[in-house]
Amino acid sequence: MSRYCVEIKNLSKAFKETNVVAIDNLSLNIPKGQIVGLIGADAAGKTTLLRLISGLLLADSGRIMTLGLNPDTDKDELNVKIGYMSQKFGLYEDLSIIDNLNFYADLKGIPRDFDKMLEFAGLKRFEKRAAGKLSGGMKQKLGLICALMGNPELILLDEPSVGVDPISRRELLKMVRETVKTDTSVIWSTAYMDEAHGFDRVVVIDKGRIVYQGNPYDLAPNAREFEEKIIELMGGYRQGNSLVAQNYVLQDSVLEYTVEALNLVKKYGDFYAVKNNTFHIKKGEIFGLLGPNGAGKSTSFKMMCGLAKPTEGTARIMGTDIVEQPSLARAHLGYMAQKFSLYQNLSVRQNLEFFAGAYGLKDKEFDEAIARMVKVFNFENYLDVNSGDLPLGYKQRLSLACALMHNPAVLFLDEPTSGVDVIARREFWNHIISLSKKGVTVLITTHFMDEAEFCDRISLFYKGETIATGTPAELKKQAGAKTMEDTFINLILRSGEN
């Protein structure tokens, strides 16, 4: 019997519609009983590799064996031995947590015995809530429970922690480690470099080829150095001028505060999603809104840009009241939602054209804006691809491109780099910092704690309320921590004790 759960020899897979070679003559053996991290850039081939391993895709050439079975010819036998969590939340959002779990258990032909997992994941008291109304972290935990159901021999997790806060990310890995059997194998795709040292082994893939495999500590001793090594393996990153900022033209403004939240409250029945949220952001400032999943960050965003009506209070964008004059206030705003909100059945080109027109761009200005975004975000090979079929990182690029199309004075970016690889994240932040230097005001949420260091000021949000505000250095001092991740965790846990 083989000591490997996956054996791959000279595997290749290409997609004709995008002219992309996703897997290029790749060979790999993955040992049984380990948690293996799969790391790579957007469109590096991670998701394609997981789908080939599970039999959801057929290879163009090469050989693959999964748990001693051929995924092409033994798919039915293999299905019962694999737990698979896709990148997209694949369950029924209009069904409750418990109904989703019952459906999945019946589908796999296993007992409806998941109370222990629900308790462990902190979802037991929410079991009657519709899946579509869960926070990002809760959705990921539900998806993970479904993947772990039935004690599969191999678990494939395609970016299970994307959009999840640092506390929940640790809980997800803990769930896997404490619930799987010792001989169970896990392949975990991720964009978070701080997760790497929690894996037994890492496989770094770039342009469909493996550029490193082995113990993560052999590559680098800590998360920051690991990230630098990964960037180096992917060809490096040289920061240049932001092409977006170079052509950005802002109207003059004498306002000291271009964004203001004034006693914002959002209440659903007896539940307060946001309580008395107040802050003032200066022109050109990068203001970070951090907090766990479900803390009320996205609700605040929606109220401040007029997508949700406040129960009490209001917000002002460039001096204009969002409640009294929502259309005028939104004209100053570029908004990138946490959930991919563009038209998934339209191509990249069609989305860009739609938003350019919606923002009132015409003729030469219309054409130049689209051409600029195509060049800046490398959409050349994806222009005729439906946006719903894009890799996650390219979806984020498209969302950001559409938010920037009309050169707004204010940007609201709700987790803009969620699921984006390390090089693309640096490119995103190069644009953001360059825009702020030109006077663009940025309100941003993120679960990458290293990105919080780029913010001028931060408001830490928990259970709908601000629990701390200050510069990154001030918050680290308050938390008695050296890193922003430890600062986040310490202040949240401290607040929960009070």
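Start with the lining of the second largest pocket. Its residues split into 14 nonpolar, six polar and 14 charged. Keep in mind that this is a predicted model.

In total, 34 residues line the second largest pocket. Nearest its centre are D194, A223, E227, M449 and D450. Several helices give two or more residues each: helix 6 (166-179), helix 8 (223-233), helix 15 (422-437), helix 16 (449-452) and helix 18 (484-497). Helix 15 gives the largest share, six residues. The space in this pocket comes to about 870 Å³.

Where does the second largest pocket lie? Domain 1 (4-233) and domain 2 (243-332 + 408-497) both give residues to its lining, so the pocket lies between them.

Now the two domains themselves. Their C-alpha centres are 31 Å apart. On the domain 1 side, 24 residues are in contact with 23 residues of domain 2. Between them, about 1900 Å² of area is buried, and carbon and sulfur atoms give 55% of that. Which residues of domain 1 lose the most area to domain 2? They are D165, P166 and I167, which together account for 25% of what that side buries.

Last, the serine. S300 sits in helix 10, residues 297-304. Is S300 buried or exposed? Its relative accessibility is 0%, so S300 counts as buried. Set aside its neighbours within four places in sequence, and S300 is in contact with V274, N277, L289 and F461.

That's the tour. Questions, please.

Note on methods:
Residues are numbered from 1 along each chain as its sequence is written. This is a predicted model: local features need pLDDT of at least 70, side-chain atom pairs count only at pLDDT 80 or more; totals for chains, interfaces and linings use all residues. Side-chain values use heavy atoms; hydrogens and water are left out. On a 1 Å grid over the protein atoms alone, a cavity is a set of points where a 1.4 Å probe fits but cannot get out, and a pocket is an open set with protein on both sides within 12 Å along at least five of seven lines; lining residues have an atom within 4 Å of a point. Grid points are joined across faces, edges and corners, and a volume is the space filled by probe spheres set on the points. Helices (H or I, at least four residues) and strands (E, at least two) are DSSP runs, numbered from the N terminus. Ala, Val, Leu, Ile, Met, Phe, Trp, Tyr, Cys and Pro count as nonpolar, Asp, Glu, Lys and Arg as charged, and the others, Gly among them, as polar. Domain bounds come from an automatic or database domain assignment. Buried means under 20% relative accessible area, exposed over 50%, partly exposed in between (1.4 Å probe, protein chains only). Contact means heavy atoms within 4.5 Å. Buried area is the accessible area (1.4 Å probe) that two parts lose on being put together, summed over both.
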